[in-house]
Amino acid sequence: MAAFRMNLVNRIAGLCLAALLALIAVGCGGASSANPGAAAAKTQIKIGDAPADSVLAFELKITSISLSQQGGGSVNVLSTPAEIELSHLAGMVEPLAVANAPSGTYTGASVSVSNVEVTYIPSGSSTPVEKQFALSATITVPFNPAITLGSSASVLNFDVNLAQSLSFDAGGNVTSVNPVFSVSNSSVAPQAEQEDDDGKIDGLVGMVSTVTPANGNTPASFAITSQSGSPAQAFSVSSTTEFGDGLAQFADLKVGMMIKVDATTQTDGSLLAKEVELLEANDGEEADGIVTATTGNPATSLSLLVQDDLGNASANQVGTSISVNVGNATFKSPLTDSDFSNLLQGLPFTPKFDNTTIAAGQRVEVNGASATPMQGSLVANEVKLQGQALTGTVAAPAAGSTASFVLLLDANSAFVKLTGISSLNVYEVSATQLKGIASVAQGAQVRVRGLLLFDGTNYQFVAARITQP
């Protein structure tokens, strides 16, 4: 796996020049045969997936993306290779790049991909299996209907349909990969109403590459190179930008820091940082993924199937299992997390996440305490519950005034294979969003994204978003 993806810290230096050149190229329209007189508006390029619940990790290297213009010609919107883990997105999208795409009509895209790595659980097993596939392909993605980009900022969302991209044998083993993409576009929504597919950016992690103080009417800004290796992205800062977890103000930002950024898109397509948090000062480890097993009650250690890692690790751990010592770790309650606090109000139970309620199947983030590189293990000083998604069939309404429905899970779901649980209560609360559906109907196939909680006996799922699969 290390042959396919360098560790972020070791890779940053080699990417800096390439990222700078890529930004210059994109700012000039990239490798384009567009009419040089055509107006160019900022277009966000985002990537996401329609998940396959049997897959725990799917890492794909995208080497380039270009848009095909009606009447001929193309516009390069991604020229710096980016390596993306898609399973953790589960119906969400995250940014790849910001391009200046000339106004006009586009009939399709060409996406060049290579080096796929898949981690899944075969039928009749609870043990993850990792497979690597060496691809070198350019995939043509037709736009039907054609997409028109105007003079205002917009978002192009590239979705990878994992269920259609993978072939399985009778034993539930992945036998081949043929990535299937679909593309949608939207105008940038008003900042207070933005979601991930129309301008909002949640939890983009990367290393600070530049810090630029305010100069006259030009606001202060910074840029980060994300852990995927995609081109550096710049964020402006305003009086409303919040700093936390070791950062008190803009002046505390330094080149080389690892940070997490929440942002919105402004009307001109530029990005405005809403919240900036320090993750580490290059002296620790962080990994997130799916808990596959726990030891002890209260838990003293756990096995984590890594979906994302960063820090001083000597080798990429994505798609592999690591042992995490949590005996002395602090468990952060989701009630104190601004991303989840509104979601967890008014439930008929008290949400809890600690060393007595962490369980297999949950997606968590662990932060290490030392600079010792991960070699299949990590000593954690903090554990946080993360959002995740599950797909299934809506059954009878669940008991209780707030419980909305029972979700029957597919037998091939990795969650079912890890836990033996084939159904769970899904709670639809006032903060739950319905996207693409008017209501949740009995017998319907739905995907729920939110928080998976465990009370020591039963799993409960609080939905932030409910969509069609």
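A: In the protein chain, residues 24 or more positions apart account for 69% of the contacts with a separation of 6 or more. Contact means heavy atoms within 4.5 Å. This is a predicted model: local features need pLDDT of at least 70, side-chain atom pairs count only at pLDDT 80 or more, and totals for chains, interfaces and linings use all residues. Numbering runs from 1 along each chain as its sequence is written, and side-chain values use heavy atoms, with hydrogens and water left out.

The protein chain has 3 helices and 28 strands. These are DSSP runs, numbered from the N terminus (helices: H or I, at least four residues; strands: E, at least two). Of its 469 residues, 54% count as buried, that is, under 20% relative accessible area with a 1.4 Å probe, protein chains only.

How far can the model be trusted? pLDDT is the predictor's confidence in each residue, from 0 to 100. The chain averages 84, and 86% of the residues score at least 70. Over residues 1–37 the pLDDT is below 50, yet this stretch has 72 contacts beyond near neighbours in sequence. Residues 370–374 also stay under 50, with 18 contacts beyond four places in sequence.

A cavity is a set of points on a 1 Å grid over the protein atoms alone, where a 1.4 Å probe fits but cannot get out; a pocket is an open set with protein on both sides within 12 Å along at least five of seven lines; lining residues have an atom within 4 Å of a point. Points are joined across faces, edges and corners, and a volume is the space filled by probe spheres set on them.

The structure holds 4 cavities of 30 Å³ or more. The largest cavity has a volume of about 250 Å³. Its lining has 19 residues, with Asp 53, Val 55, Ile 290, Ala 389 and Leu 390 nearest the centre. β2 (55–69), β24 (388–394) and α3 (414–419) each supply at least two lining residues. By class, the lining has 11 nonpolar, 6 polar and 2 charged residues. Ala, Val, Leu, Ile, Met, Phe, Trp, Tyr, Cys and Pro count as nonpolar, Asp, Glu, Lys and Arg as charged, and the others, Gly among them, as polar.

Next, the second largest pocket. Its volume is about 480 Å³. It is lined by 21 residues, and Gly 91, Asp 159, Arg 447, Thr 467 and Gln 468 are closest to its centre. β8 gives the most to this lining, with 3 residues. The lining divides into 5 nonpolar, 8 polar and 8 charged residues.

Methods:
Buried < 20%, exposed > 50% of the residue type's maximum accessible area, 1.4 Å probe, protein only.
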